[in-house]
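This report covers a single protein chain.

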Amino acid sequence: MAIITHYLITCLVNVLAFFVLHTCAVDPTEGFVELPFNTSYYYIQKPYDLKVSDRYSFENGTHRLWVYSTDKPLAKSSPTRPRSEVIINGYNYTSGIWQFEGYAYVPSGTSAVCIFQVFGASPNATITTTLMLRVYDGTLKYYTDPVILPQIYDRWFKVNVIHDMDGSKTMVYIDGVKLYEGVGRGGEFHFFKFGVYAQKNETYYMESRWKGIRIFNKTTTPMDHYHQKHHHVKPRCPH
């Protein structure tokens with residue numbers, strides 16, 4: 001009976017998630033300006049004693065990042081857990097409204113791991129990030145709570161994260177549906193990171209894959225320091 005009940009609950013959750021994600025989807029990038037994005041805008045953080053290619057690959061447009069719980073941290077002096085992350089340091093922002101978009105894939109078995117973060121917070125904060133998306137047993141969460149979306153293993157899903165630095169607000173969209181909104185954590189500068197960053201009680205092997213990475217901005221301040229032409233985003237769905 002318990003097995004049947006669990007199966008029915010799982011089916012119900014999947015049906016409800018499908019219904020929500022396919023009836024309430026919007027284009028979060030509408031009204032934003034798309035910025036250039038290529039290899040000059042990011043670098044890879046990995047265990048300090050390994051080569052980048054030992055924990056990262058880029059093939060057919062897909063970033064694949066993996067790490068083991070026994071790996072070293074990013075530096076000898078770092079007290080942090082193992083990671084393999086893409087750091088978008090080319091857009092280290094200090095004001096405005098910024099947005100990350102990408103398609104993520106987390107294979108089953110990967111758990112207690114951060115797959116995305118908005119780095120940066122107030123010096124008075126107890127953590128150094130404004131937002132983390134973590135995976136625990138196939139459930140996507142904002143840090144450890146609340147739940148953003150269950151049943152995310154072994155499928156591609158679109159992630160849009162908006163950080164309104166001026167308004168101190170963050171939003172998370174999955175497949176075009178806003179599933180989280182919260183307050184910011186202050187700080188003078190921020191940037192986006194994605195990949196795998198082990199958390200407490202992590203699994204031995206952790207992996208995430210990403211493709212279709214895009215960066216957007218909405219601001220009234222000059223952007224001349226990027227020295228590149230920006231492209232306005234066209235709406236992708238009918239109104």
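## A buried charged group

Glu 85 is buried, its relative accessible area being 0%; buried means under 20% relative accessible area, exposed over 50%, and partly exposed in between (1.4 Å probe, protein chains only). The model is predicted: local features need pLDDT of at least 70, side-chain atom pairs count only at pLDDT 80 or more, and totals for chains, interfaces and linings use all residues. Residues are numbered from 1 along each chain as its sequence is written, and side-chain values use heavy atoms, with hydrogens and water left out.

Glu 85 forms a salt bridge with Lys 193, with 3.1 Å between the closest N and O atoms. This pair links distant parts of the chain, since Glu 85 lies in strand β5 and Lys 193 in strand β14 (residues 191–198), 108 residues apart. A salt bridge here is a side-chain nitrogen of Lys or Arg within 4 Å of a carboxyl oxygen of Asp or Glu. Glu 85 also forms a salt bridge with Arg 83, at 3.0 Å between the closest N and O atoms.

Arg 83 is found in strand β5 (residues 83–87) and counts as buried at 6% relative accessibility. Strands (E, at least two residues) and helices (H or I, at least four) are DSSP runs, numbered from the N terminus. The side chain of Arg 83 also has a polar contact of 3.2 Å with that of Thr 80. A polar contact is a pair of N or O atoms within 3.5 Å; within protein, one must be able to donate a hydrogen and the other to accept it, and residues adjacent in sequence count only if both atoms are side-chain atoms.

Beyond four places in sequence, Arg 83 touches residues including Gln 45, Val 67, Gln 117, Lys 193 and Tyr 197, where contact means heavy atoms within 4.5 Å.

## Other salt bridges

The structure holds 11 salt bridges. One of them joins Lys 178 and Glu 181 (2.7 Å, N to O); Lys 178 is partly exposed at 39%, as is Glu 181 at 42%. Glu 34, Glu 101 and Arg 214 are linked in a salt-bridge network.

## Whole chain and confidence

The protein has 1 helix and 16 strands, and 50% of its 239 residues count as buried.

The average pLDDT (the predictor's confidence in each residue, from 0 to 100) is 87, and 82% of the residues score at least 70. Over residues 222–239 pLDDT stays under 50. Where pLDDT is low, the predicted coordinates should not be read in detail.
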